[in-house]
Structure formats: structure tokens, C-alpha cells
Amino acid sequence: MCAVSAKLVEKHIMHSKFGVNTMEGYNSSLNCKVMVTQAENGHYDDNNNNVDQRTAREKAIDDWLPITSARNAKWWYSAFHNVTAMVGAGVLSLPYAMAELGWGPGVAVLVISWIITLYTLWQMVQMHEMIPGKRFDRYHELGQQAFGQKLGLYIVVPQQLIVEVSVNIIYMVTGGKSLQKFHDTVCEDCKKIKLTYFIMIFASVHFVLSHLPNFNSISWVSLVAAIMSLSYSTIAWSASVDKGVQQDVDYGYKAKSTAGKVFNFFSALGDVAFAYAGHNVVLEIQATIPSTPEKPSKGPMWKGVIVAYIVVALCYFPVALVGFYIFGNKVTDNILIDLEKPKWLIAMANMFVVFHVIGSYQIYAMPVFDMIETLLVKKLNFRPTAALRFITRNIYVAFTMFIAICFPFFGGLLAFFGGFAFAPTTYFLPCVMWLAIYKPRRFSLSWFTNWICIFIGLCLMILAPIGGLRQIVLQAKNYEFFS
């Protein structure tokens, strides 16, 4: 077997020398290299059959950790998990982003982002099992394969943590604001209650749901959330149509100065980047789907992704285009706030948002729980117990709640984190990994496509946080903590 592996690896090197490296050739060499490594470690027997050489403790830990404890998900789990992960707070801010981008650039950015992120999501689904016999269940594991054991961790883990923790904080703010809007809509004469208390009410749900052990256990939460996302998106644009085009509607830029227009444009790029943010949990979702050599997980996973992206298009484009058409540049960063009648419908839409971001919070929190519990159990040798899980998850929910209460700058947070963290992990990091692992021939279609995505993603990463940070500064001028 080693002789055959050596010959195939040598063949791959010869292909690389003459610039005719193909995906098939590289996959063959990857296959052989992993077979050699696993044979040396005792993971393969003489008949090339997988042999599980994990110790009883390692197996028990893997069966306890959230990502690897269940692998019996169906393809439709992938569909609604991805809808829940992607559609969320971002869709409500898209009309506002359109107002800051303008008709032409706005439509172009929305369409290009949809295409690029679908392409990079396809790359991640393909790379999940690019080495036969091995699954990259977590984003950082794929990063380690592409960049090396240490460098891969340093590149991926900080970005993934920033994304997932920031999403959870923003969803705390979104859930609290939507509850507040629901309360103020159904009870106009009631005493006004501070946003702080609504965020605490929203967080109380997660002190319970966060103790569900893994992705499959929150599938029903995710399904409800996916249905809610399509529902409130439909209400948002249909209620806008019913409201009709507003008097003195203006489709020009709201800012009068050139600097203001430019900074707002940058901020809007971050809003769009935030809206397409499901990549940070895609490998973890795919890890829950069963896989065999005859039926790899990428088949059902990609089927679910296609359904999810159709739903994303049905949510994003009508809300963004109709919302901007109806309200013009007077639209706020949450379109449901602009809709006041019919009251019952707006109240219901806000509750749909609450239910959806409950599911989204759990989807993004699960990989964080997995990282924390892996560190505690594998590195610090804590026992994998229910008590450990109870303490760590409650601390995490309390942390995100506290930060959300301190910094409820919804619009600015979207733009800042959308550019700073979401653009790398969504728009170009998968492309960088693809180039590092598969090494497509220079100036080939694959090579050009990936470098174009990398260039666009880098522009987003640099420009969007500038606009978002400016918005946070402007909104923070008159803000008092815990007010």
C-alpha cells in the first residue's frame, strides 16, 4: 500500500511541476497520504478498512461533545439549520442598506453577495470530506488542514469566535428590541419599559434552551425559527406594499456631505456582509449528517443548502427592494419599526422575529459551547458532566446578555462585525483554503474565481468596519449605560 501511495504522490508532484495539477490527481494523493499516515497510526488494517483506535475515554468525550455526539440528521435538517443561521437580524436592515448604497450599487451588491456566498458555501461542503476516511467537523479543523496545525488555529478560531459571539450579542439586542416593539404596539397606554429588561427577558429563554446537548436536539427549535424567518420577511414586504409609497419619498443619499455618503456606503457593505453569514456553522451542521463512502454527506448537505438559498432569496430581495421603494432614504435600520399599521400584524411579525432569533442564537452558540467544552475536557482534563455543561453555558449566556445590555447599537454593530469578522469567514477564507489545499492551475477558471472572491472579501473587510465604527460613535454620543 505504501509503495502505491508513494507512486501516486510522486505522480502528483510531477503533475504539479508541469502545471497540470488536477483536482482528481490531488484527491488521489491526499487519499494515499492519509492512508499512509493512518496505517502508521493503526487506523487502517491490511484490507483498507477503518479501524477505530480511539481510547474509551476519547470515544466517550466525542460522544459527549455537541458537534460529534449525533450523526443521524436528514438533508432537510441542513435546509432549516442553514435558513436559521443565515436569515435573521440582517434581513431587517437590508432596506436601510439599500438607502445608503442606492438603487444600482445596492442591487449589484445583493446579487453578487448571494452568488459569491453560495459558491464559497459549496467549497466548504466539498472540503468537509475531501480526504476519504476523515471528516472536518469544525471550521478550525479545515483551517488546520489548509494552513498547518498551529497556524490554522490562529487564523480560524479567533475569527470564528468573533463571528459567533458577536452574532449572539446582536441577537440579544434584536430579540430585546422586538419584544419591546411588541409590547409598545399591543399596549400603547402601558408604562414604557427599558430595553434592558426586554433583553433580560429574551435571555431567560436561553438559560433553558442552551442546555439542549447538540444540533439534533435543537432541530425543532431551528425548524420553528426557519418558518418564522420566512413569515416575518413576508409580513415585512407585504405590509410595506399595503402601506404604499410614502409622500415625498426620496431615493437619494440621506447624508448631505461627501464624507457622510462615503462612510454610510461603507457601513451598508457591512450590513450586507452580516446578512450572508451562515458559513461559520456550515461544517458543524454537515458533521451531524451520516456519511459512507457510497453516500457521502456532501450530497444531502448540498441539497439542503440549495433549498436554504432559495428561501434566502425569497426573504432578502423582496424585503430589501420593496422596503426601500416604499420608504426611500427615511427607512430605519429595522424595517418593522417603520411599519405601524395594521397593529396586530406588526405585533405578530415582531414576535416571529423573537422566535427566529431564539433559534439563531442557539445555532451560533452550539459551536462556541463545543469549543469551550472541548478545551475544558480535553485540555484541562475536566470530567464531561452535566454540571460542567450547566455552569459553562449559563456563564456564556449571561456574558452575551450583559454585553448586549451595555452596547445596544444595533445598526452600527451589524456593519462593524459584518465587515470585520463575517467578510473573511464568509467571502474569502474558504477560497484561500481551496487555493492552499487543491492548488488549481494558475490563470485557470478556478484560480481566477477564487482570487476575485478574495479581492471582494478583502475590500469588505477593510471598508465596512470604518462605516460601522462611525455609526457606533454617532449613536453612542447620547447613550447612557443601562438606560
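A helix here is a DSSP run of H or I with at least four residues, numbered from the N terminus. By that rule, Val 312 lies in helix α14. The model is a predicted one.

Val 312 has a relative accessible area of 1%, and is therefore buried. Setting aside neighbours within four places in sequence, the residues in contact with Val 312 are Met 86, Val 87, Trp 114 and Tyr 276. Ala 275 is 37 residues from Val 312 along the chain, and the C-alpha atoms of these two are separated by 9.6 Å.

## Aromatic pairs

Across the whole structure, a search finds 16 aromatic pairs. One of the ring pairs is formed by Trp 103 and Tyr 251, with centres 5.8 Å apart. Their planes stand at 55°, so this pair is tilted. Trp 103 belongs to helix α7 (residues 103–127), while Tyr 251 sits in the loop between α11 (219–243) and α12 (258–275). The pair therefore ties together parts that are 148 residues apart in sequence. Trp 103 is partly exposed, at 34% relative accessibility, and Tyr 251 is also partly exposed, with a relative accessible area of 29%.

Tyr 251 pairs with Tyr 325 as well: the ring centres are 6.2 Å apart and the planes are at 10°, so the pair is stacked. This pair links distant parts of the chain, 74 residues apart, with Tyr 251 in the loop between α11 and α12 and Tyr 325 in helix α14 (residues 298–327). Tyr 325 is partly exposed, at 44% relative accessibility. Ring pairs join Trp 103, Tyr 251, Phe 324 and Tyr 325 into a cluster.

## A charge over a ring

Arg 389 lies over the face of Trp 64. The distance from the ring centre is 4.2 Å.

## Packing of α8 and α9

Helix α8 covers residues 139–147 and helix α9 covers residues 149–186. The two pack at an angle of about 145°, and their axes are 7 Å apart. Their crossing is right-handed.

On the α8 side, the contact is made by Tyr 139, His 140, Gly 143, Gln 144 and Phe 147. On the α9 side, it is made by Gln 149, Leu 151, Gly 152, Leu 153, Ile 155, Val 156, Val 157 and Gln 160. By type, the residues of this contact comprise 7 nonpolar and 6 polar, with no charged residue.

Conventions:
Residues numbered from 1 in each chain as written. Predicted model: local features only at pLDDT ≥ 70, side-chain atom pairs only at ≥ 80, totals over all residues. Heavy atoms only, no water. Axes fitted to C-alpha atoms, helices over the stretch in contact; angles between N-to-C directions. Left-handed = near helix turned anticlockwise from the far one by under 90°. Contact = heavy atoms within 4.5 Å. Nonpolar A, V, L, I, M, F, W, Y, C, P; charged D, E, K, R; others polar. Phe/Tyr/Trp six-rings, centres within 6.5 Å; stacked < 30°, edge-to-face > 60°. Buried < 20%, exposed > 50% of the residue type's maximum accessible area, 1.4 Å probe, protein only. Lys NZ or Arg CZ within 6 Å of the ring centre and 35° of its normal.
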